[in-house]
Amino acid sequence: MPHSVPDLPAPTHPLERLPEEWSARLAEWGEPRFRGEQVFSWIHQRGVFDPAEMTNLPKRLRARLAEEDELGGLPLEIVRHHRATDRTRKLLVRFGDGLDVETVLIPQLKKADPDVQEDDLESDRADGLRPSAVVTQCISSQVGCAMGCVFCASGVAGLKRHLSAAEIVAQVLLGRAQLGEDERLRNVVFMGMGEPLHNYGAVARALVLLTHDKGLGLSTRRVTVSTSGLVPEIDRLAADFDGKVALAISLHAVTDERRSSIMPVNRKYPLGELVACLKRYPLPKRRRITIEYTLIRGVNDDPADADALVALLRGVPAKVNLIPMNPIHDSDLGAPSGDGVERFRDRIQAGGVTATIRRQRGDDVDAACGQLALYGPDGERAERTRRLPVSK
Ligand code: SAH
Ligand code: SF4
């Protein structure tokens, strides 16, 4: 059953229309209602944008859709495509106004990643998929980001603009089209550029489209919204999708003072409010909230921080994903040593909380978290330099 979300913003592009919105549009042309679902499925399930190929539609309808350019075309194009030796693919996509974002396709390795949830593994096995056939796509929700986290290239650059639902969904339609015959897109994570919950309406519509059973049909629990912790919007997401959308929280520090110094959003929604909000998130049984913790040397990597993290998460169904900080332009911040990362993980585990280290993928394509670059229309890097006010 598709989700019916109240107050979904009206579609701004034909790619954003749900089956019933296609039906309403085609009813203006005197078409029966079921045509709406057919057109929707051609686009979102089959990835077909040329009406001439929509073979179950009558010829006159195909001709009219083409004549009036009713589908409107994809709102973006791929301008660069890199493939790493581990099959990670990074696409640089460009929108009509010349702005770019990146989206990354990440196949699992031969063995499933350690943080994959057991019921997802089971459902892949039931569908006859080997782990390496399972692909996760990381997508962007904004060009740049307004949240200003000091360790993040998007935050340092600032917000250029929100993406529309069409621009978000088109990343996935284009991404899926890049996959090999033996690969299947099973997971989508909003971990590219931007704060998805700062662009709530477009992201909510994109979620409905991506998980629609007549479209791409992604399992809701395998679409992950990653957020820096916008409490009212997390509550709204919980209500709109009954807690079924997977949630990842960028925590990164265990005291308000430290967190506010690296993530300005913490001044608005401090840790106490954020943790209370996670406790009321109506998570399905057996699922857990992912706590992202970017390890920054000398800032948040003390063993006492690991203990405080365990204490903070008491009562939250959570697993911790540690991300050794990837270096960014114009910042001296960096990751602890490999040993330090493992010690931090072991300390959390010793406290009884599952912790994994995010594996570096696609290094040779520069596709690492927080390094998704900003480029201007002329292809120039458009990062703003800023010195970092990190309290020690
Ligand atoms: N805005 C959302 C989602 C995008 S960022 C959020 O903040 O959750 C996806 C993840 O990458 C977040 O956990 C973010 O904190 C992390 N990240 C950002 N910059 C990073 C860097 N330089 N090194 C490692 N992780 C980084
Ligand atoms: Fe924005 Fe997330 Fe980067 Fe913070 S970490 S600046 S919220 S994209």
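Here is a short chat about reading a sheet, a helix, a ligand shell and a pocket in a predicted model.

Student: Let's start with the sheet. How many strands form it, and in what order?

Tutor: To read a sheet, you follow the strands from neighbour to neighbour. In this predicted model, ten strands form an open sheet, running β1-β2-β3-β4-β7-β8-β9-β10-β11-β12, with mixed pairing.

Student: Which are the edge strands?

Tutor: Look for strands that pair on one side only: here those are β1 (76-83) and β12 (355-357). Ignoring direction, neighbouring strands of this sheet are turned by 25 degrees against each other on average.

Student: Can we zoom in on one pair? In which sense do β9 and β10 pair, parallel or antiparallel?

Tutor: Parallel: β9 (residues 246-250) and β10 (residues 289-295) share three bridges. Take Ala-248, whose bridge partner in β10 is Thr-290.

Student: Which strands does helix α6 lie across?

Tutor: Helix α6 (residues 165-177) lies across β1, β2 (89-95), β3 (100-107), β4 (134-138) and β7 (184-190). Its angle to β1 is about 45 degrees.

Student: Now the ligand. Which residues are around ligand 2?

Tutor: List the neighbours, then sort them by class. Around ligand 2 you find Cys-145, Met-147, Gly-148, Cys-149, Cys-152, Gly-155, Gly-194, Glu-195 and Ser-228. That shell has four nonpolar, four polar and one charged residues.

Student: And how much space lies in the largest pocket?

Tutor: About 210 Å³. Residues lining the largest pocket include Arg-176, Glu-181, Arg-184 and Leu-216. By class, the lining has four nonpolar, one polar and four charged residues.

Terms used:
Residues numbered from 1 in each chain as written. Chains lettered and ligands numbered in written order. Predicted model: local features only at pLDDT ≥ 70, side-chain atom pairs only at ≥ 80, totals over all residues. Heavy atoms only, no water. Near = heavy atom within 4 Å. Nonpolar A, V, L, I, M, F, W, Y, C, P; charged D, E, K, R; others polar. Pairing = 2+ DSSP bridges. Helix = DSSP H or I, 4+ residues; strand = E, 2+ residues; numbered from the N terminus. Axes fitted to C-alpha atoms, helices over the stretch in contact; angles between N-to-C directions. Contact = heavy atoms within 4.5 Å. 1 Å grid on protein atoms, 1.4 Å probe; cavity = no way out; pocket = protein on both sides within 12 Å on 5 of 7 lines; lining within 4 Å. Points joined across faces, edges and corners; volume = space filled by probe spheres on them.
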